[in-house]
Amino acid sequence: MNPSHVYDATLHQPGTVAATGRCSWHDSDGSGGDACAGDAVVSFQDRNGDWQSGCRRALEQLVERGDIEPLGQGA
Ligand SMILES: [Zn+2]
């Protein structure tokens, strides 16, 4: 399980979807097929160690699947 952080644009590579404040998880992964909530609320590292951003829907799903810790723990 990876740690999660309150969304921080400085964690992301300039020029990426994540750095613009949008949700890179729905943009690249799209698993679940549900609608993206838009604005990123969380920054986290995926299984490859790459920084991703997630909207609140992505956050809910990632925590549910055990991929990342709930926000506010260990950050
Ligand atoms: Zn999203």
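Tutor: Start with α2. In this predicted model, the buried residues of α2 are Ala58, Leu59 and Leu62.

Student: What makes a residue such as Leu59 count as buried?

Tutor: The cut-off is 20 or more other C-beta atoms within 10 Å of its own.

Student: Why do the buried residues of α2 line one face of the helix?

Tutor: Look down the axis of α2. The buried residues fall within an arc of 100 degrees, so they line one face. An α-helix has 3.6 residues a turn, so residues three or four places apart point the same way.

Student: Which residues touch the most other members of the largest nonpolar core?

Tutor: Cys23, Ala40, Val42, Ala58, Leu59 and Leu62 do, in a core of 13 residues. β2 and α2 (56–65) are the elements that give two or more residues to this core. The largest share, three residues, comes from α2.

Student: What does Ala40 touch, leaving out residues up to four places away in sequence?

Tutor: Its partners are Tyr7, Ala18, Gly21, Arg22, Cys23, Ser53, Gly54 and Cys55.

Student: Why is Thr16 called partly exposed?

Tutor: Thr16 has 17 C-beta neighbours inside 10 Å. Buried needs 20 or more, and exposed means 12 or fewer. The count of 17 lies in between, so Thr16 is partly exposed.

Student: Where is Thr16 found?

Tutor: Thr16 is in the loop between β1 and α1 (24–28).

Student: What makes β2 and β3 a pair?

Tutor: They share four bridges, again antiparallel, against a requirement of at least two, so they pair as well. Ser43 has Ser53 of β3 as its bridge partner. The hairpin of β2 and β3 has five residues between the strands, and there Gly49 takes a positive phi near 85 degrees.

Student: What is the order of the strands in the sheet?

Tutor: The order is β1-β2-β3, in an open, antiparallel sheet of three strands. β1 (4–6) and β3 (51–54) are the edge strands, since each pairs on one side only. Neighbouring strands are turned by 30 degrees against each other on average, direction ignored.

Student: What pattern does the protein chain follow along the sequence?

Tutor: The pattern is β-α-β-β-α. That makes two helices and three strands. Just after α2, Gly66 takes a positive phi of about 80 degrees.

Student: How many of the residues of the protein chain count as buried?

Tutor: The share is 28% of the 75 residues. As for contacts between residues at least 6 apart in sequence, 52% join residues at least 24 apart.

Terms used
Residues are numbered from 1 along each chain as its sequence is written. This is a predicted model: local features need pLDDT of at least 70, side-chain atom pairs count only at pLDDT 80 or more; totals for chains, interfaces and linings use all residues. Axes are lines fitted to C-alpha atoms, for helices over the stretch in contact, and angles run from 0 to 180 degrees between N-to-C directions. A nonpolar core is a set of buried Ala, Val, Leu, Ile, Met, Phe, Trp, Tyr and Cys residues joined through C-beta atoms within 7 Å. Two residues are in contact if their C-beta atoms, placed from the backbone, lie within 7 Å. The arc is that of the directions from the helix axis to the C-beta atoms.
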